[in-house]
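Subject: Structure handover and notes

Hi,

Have a look at it first, then read on.

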Amino acid sequence: KKQPVGAAPVSATAPSGILPVFVFDTTRIYGSEVRSELGCQKCGPRRAQFVLEAVADLRANLERRGSGLIVAVGKPEVERESMD
């Protein structure tokens, strides 16, 4: 199994047996060459910073509640399979 970015063992972070996952999808938004229909970059520096801060805040809130958040980068379907 591949260990996702910042992941901890599920048993250590998810007392209910459910552990939330967030994948930065490089095929749709977060890849450096992904463009909109108008040719603009889909995820510029400001949007990337906003999303990074939002995910960090989500992780912190979940950890305060006794849970956690697995964060991965790549294709969601590939990342999901690697977590089995």
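Let me begin with Q41, which counts as partly exposed because its relative accessibility is 41%; here buried means under 20% relative accessible area, exposed means over 50%, and partly exposed lies in between, with a 1.4 Å probe and protein chains only. Q41 sits in the loop between β1 and α2. From C-alpha to C-alpha, Q41 is 8.7 Å from I29, and the two are twelve residues apart in sequence.

Some ground rules before the rest. This is a predicted model, in which local features need pLDDT of at least 70 and side-chain atom pairs count only at pLDDT 80 or more, while totals for chains, interfaces and linings use all residues. Residues are numbered from 1 along each chain as its sequence is written, and side-chain values use heavy atoms, with hydrogens and water left out.

On the overall layout, the protein chain has three helices and two strands, in the order α-β-α-β-α along the sequence. These elements are DSSP runs numbered from the N terminus: helices are H or I with at least four residues, strands are E with at least two. Of the 84 residues in the chain, 29% are buried. The chain exposes about 6,000 Å², with carbon and sulfur atoms supplying 55% of that area; accessible areas come from the Shrake-Rupley method with a 1.4 Å probe, and for residues only the protein chains shown count as cover. Taking contacts (heavy atoms within 4.5 Å) between residues at least 6 apart in sequence, 64% join residues at least 24 apart.

Now the core. The largest nonpolar core is made of six residues: F24, V51, V55, L62, L69 and V71. Such a core is a set of buried Ala, Val, Leu, Ile, Met, Phe, Trp, Tyr and Cys residues joined through side-chain atoms within 4.5 Å. Helix α2 (residues 45–64) contributes the most to this core, with three residues.

Which residues of α2 are buried? They are V51, V55 and L62. These three cover an arc of only 35 degrees around the axis, so they lie on the same side of α2; the arc is that of the directions from the helix axis to the C-beta atoms. The face turned away from the buried side carries exposed P45, R46, F50 and R64. Strands β1 (21–25) and β2 (70–74) are among what covers the buried residues of α2. After α2 comes G66, with a positive phi near 85 degrees.

L69, another core member, lies in the loop between α2 and β2. L69 is buried, as its relative accessible area is 5%. L69 and F22 are 47 residues apart in sequence, yet 7.1 Å apart in space, C-alpha to C-alpha.

Last, the aromatics: a search of the whole structure finds one aromatic pair. The rings of F22 and F24 have centres 4.9 Å apart and planes at 75 degrees, so the pair is edge-to-face. For reference, rings of Phe, Tyr and Trp (its six-membered ring) pair if their centres lie within 6.5 Å; planes under 30 degrees apart count as stacked, over 60 as edge-to-face and the rest as tilted. F22 is partly exposed at 24% relative accessible area, whereas F24 is buried at 11%.

Best wishes
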